[in-house]
Amino acid sequence: MYLALWPGNVYPLGASWDGKGTNFALFSENATGVELCLFDRDDQETRLNLTEVSNFVWHGYVPGVGPGQRYGFRVHGPYAPGEGHRFNPNKLLIDPYAKAIDGNLRGNGPEIFGYNWQDPEADLSFSDLDSAHLIPKSVVVDQSFDWSGDQLLRTPWHETVIYETHVKGFTKLHPDIPEEMRGTYAGLGHSAAIEHLQRLGITAVELMPVHHFLAFPGHLTDKGLTNYWGYDSINYFAPYSGYSSSGSLGEQVTEFKEMVKALHRAGIEVILDVVYNHTGEGNHLGPTLTLRGIDNSIYYRVVENDRRYYMDFTGCGNSLYVREPQVLKLIMDSLRYWVLEMHVDGFRFDLASALARELYEVNSLAAFFDIIHQDPVLADVKLIAEPWDLGDGGYQVGQFPVLWSEWNGRYRDTARDFWRGIDESLGQFAYCFTGSPDLYALNGRKPNASVNFITAHDGFTLNDLVSYNEKHNEANGEDNRDGESHNRSWNCGAEGETDDPNVLQLRERQRRNLLTTLMLSQGIPMLLGGDEMGRTQKGNNNAYCQDNEISWFDWELEQGNQELVNFCRELIYFRQQHPVFRRRKWFQGRAIYGKGISDIAWFNPDGGEMTDEQWEVGYAKSVGVFLDGNQLPSVGKKGERISDDSFLLFFNAHYETIEFSLPTGLENREWEVVIDTKEPRFIQEEKRFTGKQAVPVVERSLVVLRCVF
């Protein structure tokens, strides 16, 4: 088949359809030649040599080629692994700027590797096997879409409640969603899914990776498992085709946009979990699918004195070379694309510390952050860092610059330790409850820098956190060696499923304790999807490979745990109604406007203010806190003064009931019980305390009182 090839344009990179034809452009600094490979419906390949090269961009325009056209590249150059070069034109390559990809690898055979498996020197050899029949093809797409006035919601941080979930797992078993839509973008955008989120009070969904990823890496395929979580991206522009309800080429792009539009209409933001720290091509023995074959030493960080190998700060075999201008451009172009073209509201950056490594050490002022800060598109969206990686010095909680919020891993650990009764956790618990000012206040950041969470996709669910002492990952096929062994969990007296009513009652109370702590802490709460309905993974704390009932939401649990669902709804609504629990500025902890009462004060069970000595008592597990709703320092959108009720919270992580005295100076007020976590619902009957009345707080529970007058 004859196809004309015109010079085309150097910009934009990728495939760009203009209504009459398509421009193709690929960056490769060290290539000696690039072939554009077009595939027809019968998978017959037509190759066109891109002879135009400008600023290391190989480009050409093909008239008559439009949406639905499948394509790839073959890149010529030196195959010299010791020098960092792994060019092999026998390997069809995925366009790193492709806006859609037509599926997954069609096999895990030797063809997808740039080297000969039979060679004793492995990756130093050169493979003559052609991979085109196994490699998913890039797809030309039509980007037009009627957004009908849709725009970023820009929900203020202090009003945000995040729900972390998985596109497929959330709706795969949902009985009220048509079967063909379950587990897809369309399913998540369905009214039944959105109604659940709205009734909970969720303002933002944080979606686990939707960038097209390597679904079937070899070590999982051999066990009959798959890459369910998706943390092995092989493209940063294309939404994963496996979450599309349509089999049409490129339709996943439109379906994703329709999902975003539906969520926005419901007032729910969309935040993407993005993995710019590594790709699914793995280490030096991994397959050649995209960047490795396009220009290995430009895109990946290779070991300086032995360029055959990769620097690995991620535990996944490679790390992107973020110091390289073209890699920075790739990441920034991707981020802007998802905001401008796909209308997402923000990003959570997986292993973000890896992006901050200029040389080997993590640098919070790295070029990556400087570029984002000056970018007019990205400076106005939500930016969340997972503030660690697996390299030396990679744990950087509290160290990211302004504009960034962080998954607060210290909050998770402290809240878990406090409620399971670990000694010497009380002081740190107080810091976490107030937004972790010890981490974020000194560098000009506000409480919204702390994204608080008890559980996340990586680890136990909330139900399993209070039901298992040990991980149970046997289904992963690694003899239970994978996953975190130190979970800060407590089974409440029995491992796993049990009929013991005392154990079950305690577990239910512990779930309410943790949820209440999360929603009433300063900072931004993030709820793991399904925790509101008691979702379990049967003790599996590393379900990354379980695309089955272990990971999928069981919606029958919502009915069986209806009290927990209702409690969650009441809790989130309560937070939204009371600005004292979502302050925009730090507590001062001192008397304000000449009054004798502080905006916050901490008390021991006897009603006296906590002393330095009492904070340092390692065995203390009970404390009270007063929050003054009249002392809010922020004003409303129109400059109006904001005031709220005042509250007393009594925390008791002790194994016995403790009676709290009303604090000195507050005993003449009348206090109404709003929440008592020993009860499955918010308090329905009026219960008040005043004067010298003691407030009983049963073992391992939390009581919230509102000042009536």
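Predicted model: local features only at pLDDT ≥ 70, side-chain atom pairs only at ≥ 80, totals over all residues.
F56 sits in the loop that links β5 to β6. The residue has a positive phi of about 70°, although F56 is not a glycine.

How confident is the predictor in the protein chain? The average pLDDT of the chain is 94, and 97% of the residues score at least 70. For residues 591-595, in contrast, the pLDDT is below 50. That stretch has 8 contacts in the model beyond near neighbours in sequence.

**The sheet around β2 and β6**

Strands β5 and β6, on either side of the F56 loop, belong to an open sheet of 4 strands with the order β1-β2-β6-β5. Its pairing is antiparallel. Which strands stand at the edges of this sheet, and why is one side of each left without a neighbour? The edge strands are β1 (14-17) and β5 (52-54); each has a single partner strand, so one side of each has no neighbour in the sheet. On average, neighbouring strands here are turned by 25° against each other, direction ignored.

Strand β2 (residues 21-27) pairs with strand β6 (residues 57-63) through 7 bridges, in the antiparallel sense.

P12 lies in the segment before β1, and the peptide bond from Y11 to P12 is cis, with omega near 0°.

**The sheet around β3 and β7**

An open sheet of 4 strands also runs in the order β4-β3-β7-β10, again with antiparallel pairing. At its edges are β4 (45-49) and β10 (138-139), and each of these strands pairs on one side only. Strand β3 (residues 33-39) joins β4 over 5 bridges in the antiparallel sense.

**Helix pairs**

Two packed helices are described by the angle between their axes and the distance between the axes. Here are the values for two pairs in this model:

| Helix pair | Residues | Angle | Axis distance |
|---|---|---|---|
| α9 and α13 | 409-419 and 501-520 | about 140° | 11 Å |
| α7 and α8 | 325-340 and 367-374 | roughly 35° | within 11 Å |

The angle of about 140° makes α9 oblique to α13. How is the crossing of α9 and α13 handed, left or right? This crossing is right-handed. From α9, the residues Y411, A415 and W419 meet Q510, N513, L514, T517 and L518 of α13. By class, the residues of this contact divide into 5 nonpolar, 3 polar and no charged.

Helix α7 passes α8 in a right-handed crossing. Which residues of α7 and α8 meet? On the α7 side they are L328, I331, M332 and L335, and on the α8 side A367, F368, I371 and I372. The residues of the contact of α7 with α8 divide into 8 nonpolar, no polar and no charged. So far as charge goes, the α9 and α13 contact likewise counts no charged residues, but there 3 polar residues take part.

Technical notes
Residues numbered from 1 in each chain as written. Heavy atoms only, no water. pLDDT = per-residue confidence, 0-100. Contact = heavy atoms within 4.5 Å. Pairing = 2+ DSSP bridges. Helix = DSSP H or I, 4+ residues; strand = E, 2+ residues; numbered from the N terminus. Axes fitted to C-alpha atoms, helices over the stretch in contact; angles between N-to-C directions. Parallel < 35°, antiparallel > 145°, perpendicular 65-115°, else oblique. Left-handed = near helix turned anticlockwise from the far one by under 90°. Nonpolar A, V, L, I, M, F, W, Y, C, P; charged D, E, K, R; others polar.
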